Amino acid sequence: MMYSLGFDIGSSSVKVALLDVTTGKALSTAFYPKEEMAISSPQPEWAEQNPADWWNNLKLALKDVLTTSKVDPSAIHSIGISYQMHGLVTVDKNGDVLRPAIIWCDSRAVQNGNKAFNEIGKEHCLSHMLNSPGNFTASKLKWIMENEPEIYARINKIMLPGDYIAYRLTNQLTTTKSGLSEGIFWDFKTQSVSKELLANYGFKADIIPSIKDTFEIQGYLSELAAEELDLHTGIAVSYRAGDQPNNALSLNVLNPGEVAATAGTSGVVYGVSDQLKYDPASRVNTFAHVNHTNIDNRLGVLLCINGTGILNSWLRKNVAVDLNYVQINDEALTVEPGSNGLLVFPFGNGAERVLQNQNPGATVKHLNFNIHTRAHLLRAAQEGIAFSFMYGMEVMQQTGIETKVIRAGMANMFLSPIFRQTLADISGATIELYETDGALGAARGAAYGAGLYSTLEEAFASLEKVEIIKPIEQNTKSLKAAYKNWKQQLSED
């Protein structure tokens, strides 16, 4: 028997999956913490986490998986890592973390990115890096340089969250081309770290770790890590990718024209293209996909909406405190599509790229005390999340991504019949749901990277479709009218 482990390092929790390589099925999965992981906000628009918390929650989840599965650890041959994108971990010459990680939903570096965009040149940034430096990893590092110079002076290497986990596993400081592209360090025309960005920000080139391919043996489990994790030394760490490219991988979205979506704390639509295209306003972003090479372009065009599942979670905690998520859906289903004119805008979780880095906050419009009930609010919130997806998908069309079929995991907001049906109705796309997740996708990717599968087709041969949602014609008219009104209200704000 051969097994592969997948670690998915999210901002809400860390999930671990154990894949039976022979059958292609998940043998055991677990996650920690059981409630959402804390995000520290020392100042408004800041978001930080302690990298040690990711490692500790990984250990707890892995312990559950090993206990439940009862597998012999010597039969585990590969480890793959999926991780929250765009974060920044800084370490000194001893490999010790210097400050809390600045994570994806932190908005402090927006002005740094805007300034660099103008100074480097918009045309150069977009044609070479396919994005504005924006509020991404490189800009966050610039913020540290300007505001915490004593910490910056001690930095030996910078890492993305997945790089940090790989370091804890292998004791080697490495990164990937895909990771560097999501940090806006990568020049797609020169196929190297951008000299122009380094020069503008004043970074030394040696602050970047050595670069590995997404699918390759990136190191082996060290003796220290093996002891901490109750595993055997020498397991290959053979795959690493950001959560959205990895989610697309987990859904077997690898070729031009294929589209994946997620809707957890934040929401993402991710389409694959073979063209070096970009959005001139940088409202959607293009990064190297997991199977991108210097010869064959495979670019992931990513739409991110920060405020999706977090809106649903906020309503459960503050408005529908007596309901669980299934009951929320049941109550919302008592209201007709369109929510009788009530509109919700889910932009309450930091600066939104699709709104050109504006941070307007979440709003409710057209609330009528004589008409609307809690059920209307619960439905309008889910419709507003779907509308925000559609708004971004219209931007994606300008980069050549036509969304006819959306693949998603049977999880988070896609468990809601209201959300998924609304998205199908307003987009006209068919939604295919699969029983998979990021941790299982990382385990498959690692098995391929370590040579346990000879091709990616073999790695995903066992992936099963569990449900198909098609647009319902009688809903389309009212929902498209509601979306038109929603979009008009958004443009007027």
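# Notebook: a sheet and its helices

I began with strand S15 (residues 259–263) and strand S21 (residues 405–409), which run parallel and are joined by two bridges. The model I am looking at is predicted, so local features need pLDDT of at least 70 and side-chain atom pairs count only at pLDDT 80 or more, while totals for chains, interfaces and linings use all residues. Residues are numbered from 1 along each chain as its sequence is written, and side-chain values use heavy atoms, with hydrogens and water left out.

A note to myself on names: helices (H or I, at least four residues) and strands (E, at least two) are DSSP runs, numbered from the N terminus. Two strands pair if DSSP finds at least two bridges between them.

**Entry: the partners of S15**

I looked up the bridge partners in S21. Ala261 has Ala408 as its partner there, and Ala260 has Arg407. On to S16: five bridges join S15 to S16, and these two strands run antiparallel. Here Ala263 is partnered by Gly267 of S16. A hairpin of three residues links S15 to S16.

**Entry: the whole sheet**

In what order do the strands of the open sheet stand? I read S17-S18-S16-S15-S21-S22-S23, seven strands with mixed pairing. Strand S17 (285–288) and strand S23 (465–469) are at the edges with a single partner strand each, so one side of each is left without a neighbour in the sheet. On average, neighbouring strands of this sheet are turned by 25 degrees against each other, direction ignored.

**Entry: is S15 covered or open?**

I found five of the five residues of S15 buried, so to speak mostly covered (buried means under 20% relative accessible area, exposed over 50%, partly exposed in between, with a 1.4 Å probe and protein chains only). Val259, Ala261 and Ala263 point one way from S15, Ala260 and Thr262 the other way, and all are buried. In a regular strand the side chains alternate between the two faces of the sheet.

**Entry: helices on the sheet**

Helix H10 (residues 243–250) lies across S15, strand S16 (267–273) and strand S18 (299–305), and runs at about 120 degrees to S15. Helix H13 (residues 374–397) also packs on the sheet: I see it touching S15, S16, S18 and S21, with its direction at about 150 degrees to that of S18. Axes are lines fitted to C-alpha atoms, for helices over the stretch in contact, and angles run from 0 to 180 degrees between N-to-C directions. Contact means heavy atoms within 4.5 Å.

**Entry: H10 meets H15**

How do H10 and helix H15 (residues 438–449) pack? Their axes are 8 Å apart, at an angle of about 75 degrees. That makes H10 roughly perpendicular to H15 (under 35 degrees counts as roughly parallel, over 145 as roughly antiparallel, 65 to 115 as roughly perpendicular and the rest as oblique). I noted Asn246, Leu249 and Ser250 of H10 meeting Gly438, Gly441, Ala442 and Gly445 of H15. By class, this contact has two nonpolar, five polar and no charged residues (Ala, Val, Leu, Ile, Met, Phe, Trp, Tyr, Cys and Pro count as nonpolar, Asp, Glu, Lys and Arg as charged, and the others, Gly among them, as polar).

**Entry: an enclosed helix**

Last, I checked helix H4 (residues 137–147): nine of its 11 residues are buried, so H4 is largely enclosed by the rest of the structure. Among the buried ones I listed Leu141, Trp143 and Ile144. Their cover includes helix H2 (110–120) and helix H8 (195–201).
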